[in-house]
Amino acid sequence: MLTPSFAGMSDAILVEGLQKRFGSNTALAGVDLTVPEGSVLGLLGPNGAGKTTVVRILTTLLAPDAGRAEVVGIDVLRDPGRVRSVIGLTGQYAAVDEYLTGFENLEMVGRLYRLGRRESRARAGELLERFDLTDAADRPAKTYSGGMRRRLDIAASLIARPRVLFLDEPTTGLDPRSRLAMWEFIADLAGGGTTILLTTQYLEEADRLADRMVVIDRGRVIARGTADELKAQVGGQRLELTVSSAAELTDAARLLEPLAAGDTHADEQTRRLSVPVRGGTDALAEALRLLAGSSVEVLDVGLRRPDLDDVFLTLTGHAAEDGTDDREPAGRTPAETAGSAR
Amino acid sequence: MTALDSAPPPLAAPDTAAVLAALGSGERPRPQGPLAASATFGWRTLLRIKHVPEQLFDVTVFPVMLTLIFTYLFGGALAGSVEAYVQFFLPGILVQSILMITMYTGVALNTDIGKGVFDRIRSLPVWRPSALVGALLGDVVRFTLASVVVLGLGMALGLRPGGGVVGLLAAVGLLLVFAFALGWVWTYLALRLRTPQAVMGWSMMVLMPLTFGSNIFVDPATMPGWLRSVVEVNPVSHLVSAVRGLVHGGVDGADVGWVLLWAAALVAVLGPLTMRRYRARA
């Protein structure tokens, strides 16, 4: 898979100072990122952050206003044709021809890659089998569920075995079962040496799949690193407990006061108390001792490291999911691809 | 790489090793050349016809309806008898029917854009115009089918083509050339407008004056002078005259020349304009 490239060129994707405006709306205000060959980069951000714009520029669908972008050492502006021959793209909308059957969809893409009719058909059959679509192979894609369309879409982007794969929100609109299967597949693919750039709004997804992450918001990179590095930026552990009634929150907070290393946060709706602590499991044991003699009924207690939601909240001041949706008008809302998942 | 949970997902996850094995380990193949890629896209259009034969409904029913309405409703008044009117009118309605259905090429392309299929196609290493050329060529098959329907109906209504089989074939051939060229107007609109409905609306606005402002229905000699001069430069009038000449024998070479010139001009102007939009489309 690793092919000798230009000297020192170990990055499969290189982006420098990328800028793009749509009218008065700045989609990208200077984005830099690199993805080493064979690794997975998670590009995170709320709707409208600029994730899709980055993908569209790297896949030659859109020209940037300024900056440089290379895929396996090939400049996307100067030589888009060669870039297209080494990439695979799965966009936000399952890009399958609804009137064609699953098999015909794959055969068409295979033939466009000049695999030849026989080879295209052979690969289409194999891919359908591996993606659990054999039973639906001869049905028009119109009849597929959201999860099936997504699988077909990804199969189409793999038929010519791309060195670099772009997945733009690959699990948006999928039900939890399909999402798990998709995650497993993406992880396996990465294990096989394919370089993957994955955009997502789901922090759990990036945490699970990506080697490294770049967080963008309003067209700028606001953080980058491994999941652990990002979490370390936010701070240490928290003791979290859920009590049986909201009234008990005050008591619990008072009892645990001696352990708190910062501001304690109580949420009445979820009846949950969150206390920043030091000392790990010792703090947990101490907390249980303090609560043992009291009237507070604890339903759940645990020590939690910050997750990417905390990271996002700390970095941007708003949660990952509540960005306003002002993405470029390239197509229709992802909700459209959502609906019909089994 | 983050470790995966040990719990197996309920859906059968694809076996990646097998997928990679299935895909083979050879070099990625070279992309298709212009002709092969266009042929593949044309094949796609034909598959769509095969799976959704209903889309042939407007291709067949609409021309039949128009032919019957005009022949029986106006035939007597316009030409003295139904029989006489069919001789004059049928080549014209053939042109009208085919030109009307060319607009579905643009509607289909705009639908592709909305559904994201367009992005997938643009990310493939193929000759860029092939997606459009292929779609237009695939549609030529639909146009041929509609031509057969209209001519068949015409014969049943009493059309007597003096030009014989050769004349009919030449007439349909010329019509298809012009229809292919006109298709570039719709592909251009499809890339400029946001919805398939808008593409349809604009197409009608172009097609209505283009076809009715011609010599399809009546002889321009009956029109006021200013209108007649408009009708006489309309490329559709040349097309209709040429098709009439080929069907009945005794075609005016100048009409054929004008049609070919217009077709070449449409492709020469709108082809590059369309492709510029195609590349730039965000």
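Biologist: Why is Phe88(B) called partly exposed?

Modeller: Buried means under 20% relative accessible area, exposed over 50%, and partly exposed in between (1.4 Å probe, protein chains only). Phe88(B) comes out at 25%, so partly exposed it is. Bear in mind that this is a predicted model, where local features need pLDDT of at least 70, side-chain atom pairs count only at pLDDT 80 or more, and totals for chains, interfaces and linings use all residues. Residues are numbered from 1 along each chain as written, chains are lettered from A and ligands numbered from 1 in written order, and side-chain values use heavy atoms, without hydrogens and water.

Biologist: And Tyr85(B), is that buried or exposed?

Modeller: Buried, because its relative accessible area is 2%.

Biologist: What makes Tyr85(B) and Phe88(B) a tilted pair?

Modeller: Rings of Phe, Tyr and Trp (its six-membered ring) pair if their centres lie within 6.5 Å; planes under 30 degrees apart are stacked, over 60 edge-to-face, the rest tilted. Over all chains there are 10 such pairs. For Tyr85(B) and Phe88(B), the centres are 6.1 Å apart and the planes at 35°, so the pair is tilted. Both also belong to one aromatic cluster, along with residues including Phe89(B) and Phe212(B).

Biologist: How do you know that Arg244(B) lies over the face of Phe88(B)?

Modeller: The rule wants NZ of Lys or CZ of Arg within 6 Å of the ring centre and within 35 degrees of the ring normal. Arg244(B) lies over that face at 3.8 Å from the ring centre. Likewise, Arg111(A) lies over the face of Trp43(B), at 4.2 Å.
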